[in-house]
Amino acid sequence: MDERDVRLLKAISDLGTGSPERLHEETGIPVSTIHYRLNNLREDGVIENDLYDLDHEALGLGVTVIVEVLASYEGPYEEFADELLAVEGVTEAFFTMGETDFVVLARLSSSDTVERLISDFEAIPEVERTNSTFTIATLRDESRAPATYDLDTLIEELTD
């Protein structure tokens with residue numbers, strides 16, 4: 001990855017679009033070069049999809065719950081994680097080190113559905129305990145990590 005790739009990825013993150021015309025306006029990179037580089041970034045697995053981002057609150061899934069899961073399981077953690085990921089509302093899950101085995105983020109429609117979420121986790125035999133935290137306000141919900149960095153930092157840290 002070179003500086004132009006990083007500039008494109010930063011622009012995509014900042015603008016929230018992969019439109020070659022918008023990226024050209026932001027970066028000054030020719031549109032044909034943008035097409036070529038975006039295709040290469042897709043082939044390399046850096047760009048995974050062209051999905052639209054959703055505003056969870058506007059959609060009706062504005063209650064965010066962070067759940068720590070302590071579990072006792074045998075075998076690979078991925079097999080157990082599949083059970084956690086099958087719980088409705090789970091949008092992100094992380095295998096962690098320390099006292100907590102997994103941290104799960106769920107987006108729910110109301111505070112009434114939190115009881116269902118926790119019951120679903122506790123119905124999994126390997127789950128020993130959960131610790132849930134309601135969020136009061138979302139301060140940042142950015143799925144595009146480059147948007148949280150200065151361009152110069154990204155170029156310094158990511159280019160060959």
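From the N terminus on, the elements of the chain follow the order α-α-α-α-β-α-β-β-α-β-α. That makes 7 helices and 4 strands. The model is a predicted one.

The overall dimensions were computed next. The radius of gyration of the chain is 20 Å, whereas a compact globule of 160 residues would have a value near 15 Å. Along the principal axes, the C-alpha atoms fill a box of roughly 55 × 35 × 25 Å. Buried residues make up 29% of the 160 residues of the chain. The accessible surface amounts to about 10,500 Å². Carbon and sulfur atoms contribute 47% of that surface. Among contacts between residues at least 6 apart in sequence, 63% join residues at least 24 apart.

Charge was counted over the side chains. The chain carries 37 negative side chains and 11 positive ones. The centres of the two sets are separated by 9 Å.

Aromatic pairing was then examined. A search of the whole structure returns 5 aromatic pairs. In one of them, the ring centres of Tyr73 and Phe80 lie 5.1 Å apart. The planes of these two rings meet at 5°, so the pair is stacked; planes under 30 degrees apart count as stacked. Tyr73 is partly exposed, at 22% relative accessible area. Phe80 is buried, with a relative accessibility of 2%.

Phe80 also pairs with Phe102. Here the ring centres are 5.3 Å apart and the planes stand at 50°, so this pair is tilted. Phe80 belongs to helix α5, which spans residues 77-85. Phe102 belongs to strand β3, which spans residues 102-108. The pair therefore ties together parts that are 22 residues apart in sequence. Phe102 is buried, with a relative accessible area of 2%. Ring pairs join Tyr73, Tyr77, Phe80, Phe95 and Phe102 into a cluster. The cluster thus includes both Phe80 and Phe102, the two residues of the tilted pair.

Two residues of helix α1 were followed individually. This helix covers residues 3-15 and contains Ser13. Val6 is found in helix α1 as well.

Val6 is buried, with a relative accessible area of 3%. Residues up to four places away in sequence aside, Val6 touches Met1, Leu151, Leu154, Ile155, Leu158 and Thr159. Val6 and Gly45 are 39 residues apart along the chain. Their C-alpha atoms are separated by 14 Å.

Ser13 is likewise buried, at 8% relative accessible area. With neighbours within four places in sequence left aside, the contacts of Ser13 are Arg144, Pro146 and Ala147. Both residues count as buried because their values, 3% for Val6 and 8% for Ser13, fall under the 20% limit.

Key: Residues are numbered from 1 along each chain as its sequence is written. This is a predicted model: local features need pLDDT of at least 70, side-chain atom pairs count only at pLDDT 80 or more; totals for chains, interfaces and linings use all residues. Side-chain values use heavy atoms; hydrogens and water are left out. The radius of gyration is taken over C-alpha atoms; the globule rule is 2.2 Å times the number of residues to the power 0.38. Buried means under 20% relative accessible area, exposed over 50%, partly exposed in between (1.4 Å probe, protein chains only). Contact means heavy atoms within 4.5 Å. Accessible areas come from the Shrake-Rupley method with a 1.4 Å probe; for residues, only the protein chains shown count as cover. Lys and Arg count as positive and Asp and Glu as negative; His and the chain ends are not counted. The place of a charge is taken as NZ of Lys, CZ of Arg, CG of Asp or CD of Glu. Rings of Phe, Tyr and Trp (its six-membered ring) pair if their centres lie within 6.5 Å; planes under 30 degrees apart count as stacked, over 60 as edge-to-face and the rest as tilted.
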